[in-house]
Amino acid sequence: MAVSTNVNTPKPSAGLGAELGKRFRSNIQTYTIILALVAIWILFAVLTNGAFFTAQNVSNLFRQMTVTSFLAIGMVFVIVTGNIDLSVGKLAGFVSVVAAYFQANVWYQMMPDQPLIAATLSVIIGVGVGVLFGVLQGYIIAFLNVPAFIVTLGGMFVLNGLILLVTQGKTIPANQPYFSEIAQGYLPPIAGWVIAAIVVVFLFWNMFRSRQSRARHGFELPNLGLELTVTIFFSLLVVGYVYWVNQYRGVQTPVLLLAITAMIMAYVSNNTRFGRYAYAIGGNREAARLSGINIRRSIFLIFVLMGLLSGIAGIVLASYVGYGTTAAGQGYELDAIASAILGGTSTLGGVGTVFGALIGSLIMSSLTTGLQMLNVAPAWQYLVKGGVLVLAVYADVYFKKNR
Amino acid sequence: MSDDIILDIRNVTKRFPGVTALDNVSIQIRRGEIHGLCGENGAGKSTLMKILSGVYPHGDYEGTIIYDGKELNLGVGAIRQAREEGIAIVYQELTLVPNMTVGENVFLGKEPVERGSIDWNKLYADTRDILAKYRLDVSPQSVVKYLGVGKMQMVEIAKALSENAKILILDEPTSALTESEIDKLMEILENLRSHGVTCIYITHKLEEFFRITDSVTILRDGKTVATLPTRELTQEKLVSYMVGREMKERFPRGHRQPGEVIFEVTDLHAVDPNETSRKVLNGVTFNLRRGEILGIAGLMGSGRTELVTTIFGEYGKITGGSIKLEGQEIRVSDARDAMHKGISLVPEDRKGQGLVLMQSILKNISLANLDQFSGFMRIDGDAELAAATQQAKALAVKAPNLQVRVDSLSGGNQQKVVIAKWLLSNPKILIMDDPTRGIDVGAKYEIYKLMNDLAERGVSIIMISSELEEVLGMSDRIMVMHEGRSTRTLEIAEASQERIMALATGIADELVAA
């Protein structure tokens, strides 16, 4: 038989440029969205005469994206499995008022001079409420077979009611010491540098470890120059970011929290069975079932995870605005869905990345910040955001067809 | 019967990459007759129907088709046009909107309109007239989902006739019908004939040709074997026309000595889990030896796929009988359980059930076996890649690397990926449901060789196939199914195409064996 096996045959290493080009073509979607982000930034920088890039503004830009980003990360997993969650905005809102309620009323009476313990307990309770609600919704969706759209739409109404019950229609202050630090705090510049150094060392260590492991298994190694270029590029991004925000007041704690969460979730999506199964279920439910994947369990866990991330988002929200209000989290679910989709998550399921959702979220918050700086009326901000969302998805459809 | 030809198919050839589905097919159909179309699975019947109904437009095939005196010239996407020309197909799978009434379905897309709104009275009156004319016994106002399959078929027929169909093509209309519904359908067809409607009738149930058709055309391997008046035919003659060909050297012969019996199914009964009144298995008995290839033959709808998916724990609800693996009675709860017990299933529908098309070869191969490479949380990506690479090499998957998406591969290579995936769990029993469907001859040969290698290494294989040649070429023994039952298990030496076909169509074995 003239059967040739081309799998894994070493080929002459191409030039760096060619390798980069190949990588670009194979990840065209990710790069398109990054290019869109850069284009938006340049546009705003020009229109605001550079004010868009001041240290203070960049600092605010990143902090503004954090709450929706936590939700968008969870939403990627939900949409990847072919589901949707409309309740995340209100869930984050509910968690924020619960945390505020405990901060302002309960702990203050129980232990008025223990702000650190109080804040810790608030975080635990808030995140716990998120997880519990995720467990409830996940159970109804996965085990009672009610479509996620309906369960979470109902959940949205229920949470709205719960928010009104807890707040009694009033605003609850959540600006106590320590608790405020969660979303309003800044790391001292030196801590920012230490973290940057750790990240850079990790990036290089990870690159060499991965090459070593591949070599041990006898695989062809990717072009070293290319890998170095990519690693150096990301290192420079991190260093540059830290340098720039240190010009203002330093790295914000919520951004650090988001970065850690995003890294963990990106790892989970690629390197655990839980993550792989989510993509398989969304890609072909029948094939996943015949492969012995417990679909109910996976979907249940996805909604629990979504609840957990909504809980974290709620805590950050309460700490960031300093209040628990009746309107907390209003419309955040739509921002989260939009971010995930801008970042390349397919509404048909099976496709989507955490990294993409973060970029999508960054685009959304860049639009908000930039348009505000230009004093564009809120009505027009909505029009622009809606247009960008549809245009971005159309561009993706167009490029896929005409590749 | 006149000699007025309504449809003259002349030398039609239709090629797909690697396969010639229709090879110089010529059929003449007279006006007003019921013309039977007969052939094994894959003989080219459905391709021909797709040409007539406009799925494959004019120019997509060679040859000419003269319809009602002029050349049939259907453009691209001309399914609508074919209907307007008067060629209507009633498919095996009904195409009605379940939540709509009979009248709404009959006039779907061509509702009578009066000053911008639908004229409901006219719609229901016209429906009633059509139903009455052809003596179709359904009420125009009934909601379709509450009707039985037989009645739904009547609605389909009414829908076709409402467009003034001159030729009505019925594709296996009786496969889901009960005996009394079949009788009713036969009456309707006779009535249609008396109204001058021409029918092309496709079925796997040979006795129906004798019941209703005026003449029969037999297709085999995409060629017309013969067109004969029904009265000159017998069932035995039909069978020999369907299969009468010589075996070619297309199958590598293995040298193996099957060992002891390791798997036994005894009198297995099962029902459809979603509709427990519907029996899918009515007594299946067979056994499987170590290192053996057991072929399962049977026509579509005979319960072959239902049998293997039930064994795999993913379909039928078992209501009786036993399954024994290595002497121990087992109950398989789901796919994961089956894999733990050493049973793998290469499913029938490669794209629908076997692969996650948008994912890479690597992820597809490892999907069912990620446990092998992961600890509590982390998947060891390198171990995963190493194992998948080894499988891909063993199966000669042709691809630049394992990161390639499987939807960019050819059918044969996709099938190898599915097989690689299911071999990764080191099964004792490998069930393959139509493993070579829709793949080219070269890839088929590679898969046959692989099956022989596996059997020689002691893996027991159950192979379902729609192609008789393949079953005969590859199996050590052949179990033939008919209507949810196992009829007989033939040793390869006593098996022949005629004999299998006779068992599969439900004609008594002796008729042909004699």
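Visitor: Two strands pair here if DSSP finds at least two bridges between them. How many bridges join strand 4 and strand 5 of chain B?

Guide: Two, and the strands run antiparallel. Strands (E, at least two residues) and helices (H or I, at least four residues) are DSSP runs, numbered from the N terminus. Strand 5 covers residues 70–71, and Ile66(B) sits opposite Glu71(B) there.

Visitor: Before I go on, what kind of model is this?

Guide: A predicted one: local features need pLDDT of at least 70, side-chain atom pairs count only at pLDDT 80 or more, and totals for chains, interfaces and linings use all residues. Residues are numbered from 1 along each chain as its sequence is written, while chains are lettered from A and ligands numbered from 1 in the order in which they are written.

Visitor: Back to that hairpin. Which residue in it has a positive phi?

Guide: Asp68(B), with phi near 50°; the hairpin has two residues between its strands. Strand 4 (residues 62–67) also goes antiparallel with strand 1 (residues 5–16) of chain B, through five bridges. In that pairing, Leu7(B) has Tyr67(B) as its bridge partner.

Visitor: Zooming out, how many helices and strands does chain B have?

Guide: 18 helices and 22 strands. Its radius of gyration (over C-alpha atoms) is 25 Å, close to the 24 Å from the globule rule for 514 residues, so chain B is as compact as a globular protein of that length. The rule is 2.2 Å times the number of residues to the power 0.38. The C-alpha trace spans about 70 × 60 × 45 Å along its principal axes.

Visitor: What share of chain B is buried?

Guide: 45% of the 514 residues. Buried means 20 or more other C-beta atoms within 10 Å of a residue's own, exposed means 12 or fewer, and partly exposed is in between, with C-beta atoms placed from the backbone.

Visitor: What's the strand order in the six-stranded open sheet?

Guide: In chain B it goes 6-9-10-3-11-12, with mixed pairing. Strand 6 (87–90) and strand 12 (223–229) are at the edges with a single partner each, so one side of each has no neighbour in the sheet. Neighbouring strands are turned by 20° against each other on average, direction ignored. Inside the sheet, strand 3 (residues 34–38) and strand 10 (residues 198–202) of chain B run parallel, joined by four bridges, and His35(B) is partnered by Ile200(B).

Visitor: Which strands does helix 5 of chain B touch?

Guide: Strand 6 and strand 9, where touching means C-beta atoms within 7 Å. Helix 5 (residues 149–162) makes about 170° with strand 6. Angles run from 0 to 180 degrees between N-to-C directions, using lines fitted to C-alpha atoms, for helices over the stretch in contact.

Conventions
Contact = placed C-beta atoms within 7 Å.
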